[in-house]
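Work through the exercises below with the model open. Each task is followed by its solution.

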Amino acid sequence: MKIDQFGMDTISLAGPLEAKLRAIREAGFAQVMLSARDVVGHPQGLDAAVQAVRDSGLRGTGFQVLRDFEGLSGGLHAYKVDIAKSMIEMCAALGCQVLLACSSTSRHATDDTAALARDLRKLATLAIPHGVKVAYEALSWGRTVNRFMQAWTIIEQADCANLGIGLDSFHLFAAKDDLDDLDLLDPQRIYLVQLSDFMWQETPTFEERMTTARTFRVFPGEGVHSEQLARLVIELDRLGYGGDYSFEVFNDDYQQLPLPVVAERARRGAVWLAEDVLRRSEPLPGAMRLGR
Amino acid sequence: MREKTPEREAIGEAPNPLGLDGIEYIEYSTSRPQALGQVLETMGFKPVSRHRSREVLLYRQGGMNIVVNAHAGVVRGSTATDEPAPAIRALALRVRDARVAYERALELGAWDVPMHAQVMELNIPGIHGPGGAHLYFVDRYKDFSIYSVDFVPIPGVDPNPPVVAGLHYFGLVQYIGRDRTDDWTDFYGRLFGFLRLPDETRFGILPKGTLLQSPGDLRTHFYLQLIEPDPATLVYDEEEKFQRIGFGTRDVPAAVVALRQQGVEFVDTDHVKVTPQGALTRGVLQSVSFELVHDERP
């Protein structure tokens, strides 16, 4: 199916895990990005959540999110290693091959990039026996790493077979990253691309970025950066990226809408990207198209 | 002779960061210890000691030790001993300083194995390896035997059974998942200093896989052979595990003759045959086979 490369995130939907999985499946998606909160919050526990994901027939795009891991020391570092181990175990139990780790926002973290690389190397090593890859993503309000090329530099420095980059269009656009720099990435080391848009052009401060990112993202095709979003996907395709795209859409309004309504909005975004942007196949005659 | 490097050389920068010095023992977990023991005996191993508190036997042949563990719950949270097929559950490595090696591994991102020693038993530090198997660090192997603490010799048995046909540890074959060669190469390289050999390097008769060579003395180094699933097969197993032991010998055909006399059968098909380069024993007890590899080392 032509939208198989795209998937929804559970975080876009309200309700219990099973209902989210069903809505995503019924909208025609084949994969789902899973959030730890959805899984551990399952009333019947983790095993039941794992079973629900297996029963859904959806493939796990990845598992999110490990925060503020790198750059800590002493007891804080040891604490985060324990958290990371639990996240890796859950990721593996869910059959997900990619754990998303976001760049640290902690003011307790060092800005020494050698130390950040060392910690990411440790995280990647922890993930190896469990068959998990680590996608390191620059949050646009990350303390030291807030541009994707900064994340890439540290990934290269860490030099691990299972450590790659996670790209999130929101953070790229909010930080006004230069998409020409995508050429500098190794497409084999892009482990995840998260797509979303938002409804205004400027997010100059970290606070504005955080508020927008956490409450008012929209699906591809629904915001004001459609042209950039299309360019991002085309550039990645041209670069040779053949991995997954997930829709990382945090939106307070969508949390108040019936699940099939939200999933349908996501499906339209996927069809737009697959047909109009990537031209994966000719559109069906009379198929609904977004005007733009 | 050990390498003439200072004992406390900067950890992490030396080619042999742990002072790795070969294999101390390989451990099988099984619910059928007698059956596995019989298989090991056909390969020349003899039971020499029994564990003081658990259903664990030590088999030996020359300098090679194999531990057969039938003690339920040895791998916490697993049902290892409920499985009918024996499995290689641990590889114990000789290192310069077990505590240093263990702490260094944890610092670099290894998972620790919870200690489960009883009173007056040895705490052997270990980390997680493939598929729930453990990798242990042992530093007391020269003037002191770790087995003298936890094991009681079996009366009337030669504690040092002779070697059959010059067999010695050559290495282990590890099955890995698809596209996992680089991950495991990183793992063994980063934590232990293993070197990936060029792709064209081959030992034995089986042409697949990637070879990693342990650092250390030429006489004690050993190999890990990483084998991904064969993409040509429609349904293949992604399970990761230590699959079999490889024994080195100077004279593979002579070893085959000697082992055949003890009842060992060898695979003889169009693809896999006994050759001077190597041989593969026919699998028994569902999963147990051994590989012979030509190796000039005594």
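**Exercise 1.** Which residues in helix 5 of chain A are buried?

*Solution.* First, the conventions. This is a predicted model, in which local features need pLDDT of at least 70 and side-chain atom pairs count only at pLDDT 80 or more, while totals for chains, interfaces and linings use all residues. Residues are numbered from 1 along each chain as its sequence is written, and chains are lettered from A and ligands numbered from 1 in the order in which they are written.

Next, the terms. Helices (H or I, at least four residues) and strands (E, at least two) are DSSP runs, numbered from the N terminus. A residue is buried if 20 or more other C-beta atoms lie within 10 Å of its own, exposed if 12 or fewer, and partly exposed in between; C-beta atoms are placed from the backbone.

Now read off the helix. The buried residues are A:Leu116, A:Ala117, A:Asp119, A:Leu120, A:Arg121, A:Lys122, A:Leu123, A:Ala124, A:Thr125, A:Leu126 and A:Ala127. That is 11 of the 15 residues, so helix 5 of chain A is mostly covered.

**Exercise 2.** Find what helix 5 of chain A contributes to the contact with chain B.

*Solution.* Start with the totals: 11 residues from chain A and 16 residues from chain B take part. Contact requires C-beta atoms, placed from the backbone, within 7 Å. Helix 5 supplies 4 residues, the largest share of the chain A side. By class, that side has 6 nonpolar, 3 polar and 2 charged residues. Here Ala, Val, Leu, Ile, Met, Phe, Trp, Tyr, Cys and Pro count as nonpolar, Asp, Glu, Lys and Arg as charged, and the others, Gly among them, as polar.

**Exercise 3.** Describe how helix 5 and helix 6 of chain A cross.

*Solution.* Take the axes as lines fitted to C-alpha atoms over the stretch in contact, with angles from 0 to 180 degrees between N-to-C directions. The axes come within 8 Å and cross at roughly 65°. The two helices are therefore roughly perpendicular (under 35 degrees is roughly parallel, over 145 roughly antiparallel, 65 to 115 roughly perpendicular, the rest oblique).

Then list the contacts. From helix 5 come A:Thr113, A:Leu116, A:Ala117, A:Leu120, A:Arg121 and A:Ala124; from helix 6, A:Ile154, A:Gln157 and A:Ala158. By class, there are 6 nonpolar, 2 polar and 1 charged residues.

**Exercise 4.** At what angle do helix 1 and helix 10 of chain A pack?

*Solution.* The angle is about 45°, with the axes 9 Å apart. The pair is therefore oblique. A:Ala19, A:Lys20, A:Ala23, A:Ile24 and A:Glu26 in helix 1 meet A:Leu259, A:Pro260 and A:Ala263 in helix 10. The classes are 6 nonpolar, no polar and 2 charged.

**Exercise 5.** Is B:Ala90 buried or exposed?

*Solution.* Locate B:Ala90 in strand 5 (residues 87–94) of chain B. Count its C-beta neighbours inside 10 Å: there are 22, so B:Ala90 is buried. Leaving out residues up to four places away in sequence, B:Ala90 touches B:Glu27, B:Ala133, B:His134 and B:Tyr136.

Methods. Two residues are in contact if their C-beta atoms, placed from the backbone, lie within 7 Å.
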